[in-house]
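User: Can you walk me through this one? I'd like to start with the strands.

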2 protein chains.
Amino acid sequence: MAKNITPRADDYPQWYLDVIKAGDLADRSPVRGCMVIKPHGFGIWELIQGGLDRRFKATGHTNAYFPLFIPQSFLAKEAAHVEGFAMECAVVTHSGLEQDGEGGLKPKGKLEEPLVVRPTSETVIGHMYSNWVQSWRDLPILINQWANVVRWEMRTRLFLRTMEFLWQEGHTAHETAEECEEETRRMLDVYAEFAENALAIPVLKGEKTESERFAGADRTYCIEAMMQDGKALQAGTSHNLGQNFARAFDISFQSREQKQEHAWTTSWGVSTRLIGGIIMTHSDDDGLILPPAVAPVVCAIVPIYRKEGEKENVLAYARKILVQLCGEEAVAAAEAGIGNREILNIVLPGDSRRVVLDLRDGMRPPDKFFHWEQRGTPIRIEVGPRDLESGNAMVVSRHPREKQVMESGALTSDWLPSTLETMQTTLLERARTFRIQNTRSVDTYDDLKAALEDGGFFLMHWDGTSETEAKIQTETKATIRCIPFDDALETVNGTVDVREPGIDPVSGQPSAGRVVFARSY
Amino acid sequence: MAKNITPRADDYPQWYLDVIKAGDLADRSPVRGCMVIKPHGFGIWELIQGGLDRRFKATGHTNAYFPLFIPQSFLAKEAAHVEGFAMECAVVTHSGLEQDGEGGLKPKGKLEEPLVVRPTSETVIGHMYSNWVQSWRDLPILINQWANVVRWEMRTRLFLRTMEFLWQEGHTAHETAEECEEETRRMLDVYAEFAENALAIPVLKGEKTESERFAGADRTYCIEAMMQDGKALQAGTSHNLGQNFARAFDISFQSREQKQEHAWTTSWGVSTRLIGGIIMTHSDDDGLILPPAVAPVVCAIVPIYRKEGEKENVLAYARKILVQLCGEEAVAAAEAGIGNREILNIVLPGDSRRVVLDLRDGMRPPDKFFHWEQRGTPIRIEVGPRDLESGNAMVVSRHPREKQVMESGALTSDWLPSTLETMQTTLLERARTFRIQNTRSVDTYDDLKAALEDGGFFLMHWDGTSETEAKIQTETKATIRCIPFDDALETVNGTVDVREPGIDPVSGQPSAGRVVFARSY
């Protein structure tokens, strides 16, 4: 157990902060609620961005960029939207600073109309689309934006809930309600597939209840993940906005039948909170565990030597293994780079073989082991004088935690991706098993209350009213995470048919089926 | 000549706007001074980002992310910096909006200390580095940030000068003044190499005079490009900040000699203004010309058919050519993608072969030709029934403007990159020739004044004082673009030795050498 990390059982929130600190992922900033994403954390985000961007483009989307600022009056145009977003947002009221005469500064140049720092961009993008769309021939518009957004959150938590965060927001406009719904569902599927295959986070797909819906949406779909403390994390949402924003911003077009109609729009987003989800799905009391697909470094080779004579031979041996893994060309290119003085960093674009050779002098091997381990590196290869003699290497895997002596000849360019692939699958399966073991049906309100103390997802009947939902939330802090898409869900007690009608145990009213209750981040 | 584009000779600024509109690169936004970067314009930016990011990583930098907001008091800490940036910036004073009782909204929740939307991030990053640096072992820090920044500009121009813009800002900290200077120069070299090889924009490298220096820097280096109207565009800057920000934010460390010392820092940046530079370096009266390295689509295949029977055969023939260019695997993958209903879009990551097959029905071939031409697509391949019969294709190149019948068998996966390479070089050489032809020595102030009316770079002696510089700027609107690094510069009258001492014709005082005067964007 790492001494710098509080065990989960002792203090889960502190464990989370300790893992972030030990993993060098992020830091607090001098601005309340804003975080600094450090290089290792940002490396994870770059891999998330790359993986999603490929998927967005394969589904026909292109990227664009819209303004950071939104005129205050825009927020008022969509009634539900203003309720959801205008109340807590950063408001720009001045265009400069001037000396205040006491050695400090004060705002000057009051704006005629205040500007809001975008909490989300439906309004300003809606305004632009109204200019771009005249005819059905201009549809669909399939645009995504990578951006920062600001929401004035009072209680913030690194990655999970910050005042400013990085995200992507897709905004599409369509000719028909059917196409719009198809797009909303398609992007939810893209998110779910990405969460499972890249982040190794199993997710439930479903629809949000009315009270949890995006402000201005007709329907909000979500992917929900279970963290290790049994709480839910909303990992991504996809909104069918119907014609609400098209009406508010007049996105209208001449249809194939020569009629003037409003477009149908969607929006969908995931954010840097996914990094919080990765941490809380996979890591343990020793610190960060990263799924290989989003690990900035998948394999660190650490040479071990004491005397100068040893150093030269061990480094040559370590380099030989590096070449086996990544090819002579990539290694030579890295060696030629100015940026590789201490850590020889091999990056093969579009390839999983992100390998480093840790050449740092003046750092002892155990400290290097610790360095890579704390950063969640999936595989470490240790080579010392004895390994050189025997032609072996010590291969240490982060999950499952294993040490294994391997013949160095076996460490090939095929071995590495296939080992990573196995680890990726193992992590996903472990998380899936965890979720199943912590998901169960409950049939009485008392059962739900008691069960919530242990954490988990609970399938319970619900009468479909916001009143019952609100009552449960007030009394238990649990919310309906989603009305699941699947007809049946796996639980610790076997498969449960969630479509079977029953009675809401809270209201005593009839229920069309079970929904997923949980406390959440 | 395209009817929707004003000729350069008639109205250069209008031509620039027309090219942007016809090329579908950007649009005005409802927020004064902010622009919308449309998908085609953003595609160029993505290629710029990719090319620079690779170069930054090869020189040892990693990406990170710092807050959008900066506490007002931070800006006051570096005396020169506050003068340069605090006066024109967006100031956040409130944390929300509320109903104003008249159907509108008004700001609520006044902040104790206003926040400034970052105009650049030296201050907040300096604050973080002071926490991260304790010992010489923590140095160097080599971080880059891709971000949006806001400067309250009064006169804005799409891409060239906007209130919000996208950029990257590198921020590094070093042990010694020598390392710091080395880094500052290295990154300028990276910018220059990128401008020439990727953007096909030849640049002059040099140092800014004191009055043009970054607010808070000891030395500012720049790359300067010449636009087609003879004006200069500052395309990138690299600043040696000395110990100024380290002192203001207390970035100090224990040295190898156990002394407490301030770090030496740099910053360097390029922005979306590079897209303006690309437009004004290469495009002509027919519209956009893009260097292949930053063209989102390098080759568009347009099938020509009238009758249904023709369509099938022509499409099969066009597909065959597409497969020759990109390989069956990539084409089949694109065809399987949901996003390729109308334009089959082949993107091979890290490859120059970004090719489309334009399958749009209900659009006449000449309209398709126009569509791709206006977007600056380097190569167009037209195939119709007659080409099918003869086994040929019409290959149309954007620059030089050529039409050429080629055997379809010659359109191979080698032919395309090599043709693009040639076009890339041709564009760079054309721009270099243009610059040389519009660069000359001037020896009298009257000569300078007269010459400035035609535009161009003028090498003139300067006495090294800010007074003379200011006088020239006031009287002629020309500024010293840089004190060039090169000892000699090529001009229309041959090579000029800029280090030869002489007399400043404006002040009559001695001059250590010639500097580059021009009007600029």
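Analyst: Start at B:Asn148, which stands opposite B:Leu166 in β8(B). This is a predicted model, where local features need pLDDT of at least 70, side-chain atom pairs count only at pLDDT 80 or more, and totals for chains, interfaces and linings use all residues. Residues are numbered from 1 along each chain as its sequence is written, chains are lettered from A and ligands numbered from 1 in the order in which they are written, and side-chain values use heavy atoms, with hydrogens and water left out.

User: In which sense do β7 and β8 of chain B pair, and over how many bridges?

Analyst: Antiparallel, over 10 bridges, with β7 at residues 141-150 and β8 at residues 164-174 of chain B. Two strands pair here if DSSP finds at least two bridges between them. Strands (E, at least two residues) and helices (H or I, at least four) are DSSP runs, numbered from the N terminus.

User: What sheet are they in?

Analyst: An open sheet of 11 strands in chain B, with mixed pairing. The order is β3-β7-β8-β14-β11-β10-β9-β23-β28-β22-β21. β3 (62-63) and β21 (439-441) of chain B are at the edges; each has a single partner strand, so one side of each lacks a neighbour in the sheet.

User: Which helix packs on β3, β7, β8 and β14?

Analyst: Helix α2 (residues 39-58) of chain B touches those strands, β14 being 264-271. Contact means heavy atoms within 4.5 Å. The direction of α2 makes about 160° with that of β7(B). Axes are lines fitted to C-alpha atoms, for helices over the stretch in contact, and angles run from 0 to 180 degrees between N-to-C directions.

User: And what does α8 of chain B lie across?

Analyst: Helix α8 (residues 273-282) lies across β10 (219-226), β11 (232-240) and β14 of chain B. Its angle to β11(B) is about 145°.

User: Switching to the interface. How much area do chains A and B bury?

Analyst: About 5,700 Å² between them, 66% of it on carbon and sulfur atoms. Buried area is the accessible area (1.4 Å probe) that two parts lose on being put together, summed over both. The contact takes 75 residues from chain B and 75 residues from chain A.

User: How many salt bridges cross the interface?

Analyst: The rule finds 2 between chain B and chain A. A salt bridge needs a side-chain nitrogen of Lys or Arg within 4 Å of a carboxyl oxygen of Asp or Glu. A:Lys57 and B:Glu46 meet in a salt bridge at 2.9 Å, N to O.

User: What does β5(A) form with β6(A)?

Analyst: A hairpin, with 5 residues between the strands. A:Gly101 in the turn has a positive phi of about 85°. The two strands run antiparallel, joined by 7 bridges. A:Glu98 has A:Lys106 as its bridge partner in β6(A).
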